[in-house]
There are 2 protein chains.
Amino acid sequence: MGIFDESLDQNEANFTVLSPVSFLRRAAQIYPQKIALVHGDRTLTWREVWHRSVAVACALKARGIQRGDTVAILSANIPEMFEAHFAVPMCGGVLNAINIRLDPTTIAFSLDHGEAKMFVVDKEFGELAAAALKQVPADALQVISIDDLQLADGSLVSSDTWDTLIAEGQGEADQIGMPYDALAFLPVDEWDAIALSYTSGTTGNPKGVVSHHRGAYLNAVSNALTWNMGDHPVYLWTLPMFHCNGWCFPWTLAVNAGTSICLRQVRPKAVFEAISKHHVTHFCGAPVVLNTLLSASGNLKQLIQHEVRVMTAGAAPPPAILAGMQSLGVEVTHVYGLTETYGPVTLCAWQGELWDHLGIDEQARLKSRQGVGGPMLEGLMVADPETMIPVPQDGETLGEVMMRGNNVMKGYLKNPAATAESFAGGWFHSGDLAVWHADGYIQIKDRSKDIIISGGENISSIEIEDLLYRHPAVLEAAVVAKTDAKWGETPCAFVTLRPDETLSEAEIRDYCREHLAKFKVPKYVAFVKLPTTSTGKVQKFVLREMAQAL
Amino acid sequence: MGIFDESLDQNEANFTVLSPVSFLRRAAQIYPQKIALVHGDRTLTWREVWHRSVAVACALKARGIQRGDTVAILSANIPEMFEAHFAVPMCGGVLNAINIRLDPTTIAFSLDHGEAKMFVVDKEFGELAAAALKQVPADALQVISIDDLQLADGSLVSSDTWDTLIAEGQGEADQIGMPYDALAFLPVDEWDAIALSYTSGTTGNPKGVVSHHRGAYLNAVSNALTWNMGDHPVYLWTLPMFHCNGWCFPWTLAVNAGTSICLRQVRPKAVFEAISKHHVTHFCGAPVVLNTLLSASGNLKQLIQHEVRVMTAGAAPPPAILAGMQSLGVEVTHVYGLTETYGPVTLCAWQGELWDHLGIDEQARLKSRQGVGGPMLEGLMVADPETMIPVPQDGETLGEVMMRGNNVMKGYLKNPAATAESFAGGWFHSGDLAVWHADGYIQIKDRSKDIIISGGENISSIEIEDLLYRHPAVLEAAVVAKTDAKWGETPCAFVTLRPDETLSEAEIRDYCREHLAKFKVPKYVAFVKLPTTSTGKVQKFVLREMAQAL
């Protein structure tokens, strides 16, 4: 014990757990009248978002949601989805935002595996939720509808609504008002879980990525710093909040008291009109989203008359897209991350002195790299996953991208084996293969985990393979990514049929469509004898080359 | 134990202690060639600062500096002072930056009370250090000189220099090179002390404020967010780094890989020339610094031809200064904090929609308030220090400013009583009295701790009173702040002599000059019978009114 260890302990005055809930309290207290959310003709101020979130948190508590209880949500980017990112953690709950594009069986798997105590469903997805609910025991789950008045159609899967929750907690929220700190709504430990996100992994069943308050706080700040967002950005919700909690952006927008422009569907007309009408300054999206915008009519494109910035990830943005966005007056920030890292944790940091004078093609080539660690990432390397020895920075040698830091997940839920494997050697193994350039920038070349990223969605090739193998006529199957101008990548299936069996490409696709979410259905199917190594392993790199030629 | 507590533990991949050392590693790795420091005709890149800091850290370790050992430094704003903010924490040491304006006895007190194992002395202050060293046991302390080649005069208090340390650690630093994370240089616990800063308190002896890695990390980020600094600011060092570690700005400049322009002395000519020559974007200073700049010649002022931002604290900036800076093209951010809060933790956040249309006087009035909590402060209130009940937000009722959060100190070194008192009720008691306005902004009206802030320096009125009481001719003495156009405040002494004693104002000032640092010597001395309450307590508020009339 030295002199600096004596009588200098933590107490309520000098130590507070890190939690993004604190950012909401601050935004509401300092900018009560500022618009936090715009959804159609509806607006909500930061004070209202605070008050509604407190009311919901109180109602959840009264209904028995406690520390470590999962609250699942199936929703588009609307105000209630945003509020859930605060209200659920405020009562100690863990938010499980579910991908609206999944099939009922996979949704039921999440509800079951995550042991959800409550399921909140946007009316747009009432039918999908109802189908999923048929596959889980009904009594374990409270079902809440979001009755969005901005949406004419859709169906309420329950008469118990988000508004009911607000009404239930209103009285308590009125009493609480606007406190001078958020202590009453913070977890005991910043390591407590804040969110659960299912991600397609190397196995057919999704893995539940568990994130915590500390990481969510830090990555929310990292976003603000990475993008130099400043105060009061106007942020358009093109990125789904069910993708890794919208890369932590609901929390980032509380850090800088920004305005969220909600958007149910990412269609070019709606995007350009929103950018123009609300003077949007920032939005996020996979390169496919950018590509869609670039394909829009000239009239729409002319709606951008001010500085707009886009953050892109999910695949390397092709030079044509980078150049196209630049000509639109949209500055692109290229980032990279995984659900396991709270969203973006690297960025292709601009090196003004070195790059400013280069031609646009060369700049685009440099910018298409995944770059360097973000401000809150503690370590980034490309290394041999067995020896953990970093590869030389020669731009040629392949290795696995590995990260460490506070914005790396707690682990996979109820899956200690996968958790241990992903953290082997004290680094998180991303499963992405990259080269390391002489300037310290990483560039992803391939994926070791057999994930296909299509339109920003992760697709497990193994999930599709498992399905194909279950077809009685199929002997062998392998699925790889094929580069696609629109979607970035798309699944391509190679199938060997059993002797004397016949099956058409269309029949295989129909079979897949029955069992898989639409975006996972292979766009190409080819019948071949699978190339294998001497030990019988399928040579996926050969298939990838074949896929490009299809 | 819930499902989120099982097999989801911390490990090297997903948990790293928060420490500003990580920011240096990142800046050096991503921007190795960027200029980190400019001092006269000398420049150092971020890679060099990393390498030199590693070398010094290794040398300190080899010389026996361990976790929790104090390394004191007496230095102007030069590169070595900046490097010490990283090198000392990197070996587990605690940096005690000492005010160069103090007298030898007070410096000796710090060395002794902080149990310094090493004392680093800039050659400009060799004589001062030598005088202080005469008052401490020599064998306990390694003394290191900074032999700044940019300074012609000065004296080396030791032949053992900063460059010797670098030479000693060079070999190890070469071997370490540029690692992929900073783990080897991080503390085991983020609650470990990083710095010790002595501050004038209510008693004659200074109190040692202990800060920790977690708070330094967070407040460094808070600075970047509060000021929306963006990447690569050019920061002019007008604020002394011995003031509360330059409000954490050495660490902030590693967050955003900025360039530090060093400055030995804050003189208008040097400031304006540096702003122009280096295209300075940011600097900090007490209102007295701003006032000095405004008094400069028109020729000098014309050197500012680009956007410059200044952060000011230490006293409310008078409207004339705010308007003056605006006319110079310098945007003022008004912040407030104490050494106990790592520097600034509140800011007068601009409310564009509400304030943009107001006249300049009204804007200046609003901006002169200390404002609201910064992004990393968890709680701020104005409350009755006894009952802890917040005062009404009426702009009239006085209460004490209180904070809580991770950017509040660990406590006072070897002073559990003062620590407990300052944290009573779970909030840090700032000692500053304020009103709370209806819009939630605080405004400081008075100080309960009898601190006089003169030219940004804290002066304890009680230290001066104690000295005056020790003079044989003095019966009673009380010292208060008097408003001063140049210094903000200046000490004003009221003295009652013993019967039949005579003493002139000049004699009292000479006596003070012998025993006190120059800036603490009362500018005004008046001979009066002290006004007292019925219980005999001196009525300082009466004296403050009398002082204004002098």
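Reader: How many bridges join strand β24 of chain A to β25(A)?

Author: This is a predicted model, in which local features need pLDDT of at least 70, side-chain atom pairs count only at pLDDT 80 or more, and totals for chains, interfaces and linings use all residues. Residues are numbered from 1 along each chain as its sequence is written, while chains are lettered from A and ligands numbered from 1 in the order in which they are written. Strands (DSSP E runs of at least two residues; helices are H or I runs of at least four, both numbered from the N terminus) pair if DSSP finds at least two bridges between them. β24 (residues 488-497) and β25 of chain A run parallel, and the bridges joining them number four.

Reader: Which residue of β25(A) is the bridge partner of A:V495?

Author: The partner lies in β25(A). For A:V495, that residue is A:F527.

Reader: Why is one side of β23 and of β25 of chain A left without a neighbour in the sheet?

Author: The open sheet has three strands in the order β23-β24-β25 (chain A), with mixed pairing. β23 (474-484) and β25 (524-527) of chain A lack a neighbour on one side because they stand at the edges, each with a single partner strand.

Reader: What is the distance between the centres of domain 1 and domain 2 of chain A?

Author: Chain A is divided into domain 1 (21-265) and domain 2 (451-549), with bounds from an automatic or database domain assignment. Taken over C-alpha atoms, the centres are separated by 35 Å.

Reader: How many residues does chain B give to the contact with chain A?

Author: Residues are in contact if their C-beta atoms, placed from the backbone, lie within 7 Å. Chain A gives 57 residues, and chain B gives 57.

Key:
Contact = placed C-beta atoms within 7 Å.
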